[in-house]
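Open your viewer and get ready to click along. We will go from stop to stop, selecting a few residues each time.

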Amino acid sequence: MTTTVPTIQLPSGDSIPVLGLGAWMMGETARSKQDEVQALRLGLDLGMNLIDTAELYASGGSELVVAEAIAGRRDEVFLVSKVMPNNATRKGTIAACEKSLKRLNTDRLDLYLLHWRDSVPLRETLDGLVTLKRDGKIRNWGVSNFDVDDMEELLALPGGKDVATNQVMYNLRRRGIEYALLPWSRKHNIPIMAYSPLDQGHLMRSSELMHIAERNGATPAQIALAWVIRQPGVFAIPKAAREAHVRDNMKALSITLNDDDLAELDRHFRPPSKKKPLEMT
Ligand code: NAP
């Protein structure tokens, strides 16, 4: 049986799957490379055709793994990479993107993100991103690890409203964005790309989650992912270097959490009751 991966629409009109493939920690060693390539290819075969990488990951090594995984099938993939804040001047953003394109062996990115914010003025980075988009090197641009105040500053800049998404940490144990950023993003129609949706694997050890998973005939990973992507305007990019994990994650799409499940999850993984600083890895 094949499951179709539902999509959500970016403000530009481009469609992306609600479940994609993270590539952090890939490309760290030559020994693990073939498994990582196979896992990404399997994810694409199953329809999770969004891959998230960054120049930072394994110092470009992750992009090389991704290049191998997408060889011969570039058009199937919604390809995401990121510029590091210390490269994010106008010129630096353009140069970093060119290098990513080379490592990824492609002529365009579907989405290019500012990895996090540091000392470079936002308008300089924005200038670089707008130029890359104008020149056809990227189809969309976005940000990562931005809280509400950063987003408001961005939207106030000329062209800032074209932001496609904000990639932030979000999972059952890290629910801080529900207090302000998530409702703010919905109001402005800016999708949230949830990173570390499995809390980097730590959620798998939760006995509460195991209990709910058993009741649903599912695995803890499936419940954790189903919980993230059930929400409108939220999509997730779990990283899985093992084929068994990729298959497992895909099955999250066939899980519907009922009110009892959601209430129990709320009891064990409390929603935020006040504003907290944005969590980051
Ligand atoms: P994650 O996706 O929450 O968790 C990944 C870990 O969970 C890996 O150890 C993986 O194992 C394991 N796993 C995956 N599927 C599983 C399953 N079905 N059952 C049991 N374990 C499973 O963590 P993440 O890598 O931090 O986040 C995902 C992606 O978000 C990253 O790869 C990256 O692309 C992006 N990210 C972005 C930022 C940012 O600042 N913008 C920060 C962090 C992450 P195996 O690999 O062994 O299969």
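In which loop does asparagine 105 lie? Select asparagine 105 and look to either side: this residue lies in the loop between α3 (90-104) and β6 (111-114). Helices (H or I, at least four residues) and strands (E, at least two) are DSSP runs, numbered from the N terminus. Before moving on, note that this is a predicted model, where local features need pLDDT of at least 70 and side-chain atom pairs count only at pLDDT 80 or more, while totals for chains, interfaces and linings use all residues. Residues are numbered from 1 along each chain as its sequence is written, and side-chain values use heavy atoms, leaving out hydrogens and water.

Most residues other than glycine have a negative phi. Asparagine 105 is not a glycine, yet its phi is positive, about 55°. Now select alanine 58, which also is not a glycine and has a positive phi of about 50°. You will find alanine 58 in the loop between β4 (50-52) and α2 (61-70).

**The sheet**

Next, show the strands. Eight of them form an open sheet with parallel pairing, in the order β3-β4-β5-β6-β7-β8-β9-β10. Two strands pair if DSSP finds at least two bridges between them. At the edges are β3 (21-22) and β10 (234-236), each pairing on one side only. For a detail, select residues 141-144 and 166-169: these are β7 and β8, which pair in the parallel sense over two bridges. Serine 144 stands opposite glutamine 167 in β8.

**The ligand**

Now select the ligand and the residues around it. The shell holds 29 residues (each with a heavy atom within 4 Å of the ligand). The closest are Asp52, Ser196, Leu198, Lys239 and His245. By class, the shell has twelve nonpolar, eleven polar and six charged residues; here Ala, Val, Leu, Ile, Met, Phe, Trp, Tyr, Cys and Pro count as nonpolar, Asp, Glu, Lys and Arg as charged, and the others, Gly among them, as polar. Highlight helix α9 (residues 243-250) too: this helix gives the most to the shell, with three residues.

A polar backbone atom of leucine 198 is 2.8 Å from an oxygen atom of the ligand. For proline 197, a polar backbone atom is 3.3 Å from a ligand oxygen, and a backbone N or O atom of aspartate 199 also lies 3.3 Å from an oxygen of the ligand.

Definitions and conventions. A polar contact is a pair of N or O atoms within 3.5 Å; within protein, one must be able to donate a hydrogen and the other to accept it, and residues adjacent in sequence count only if both atoms are side-chain atoms.
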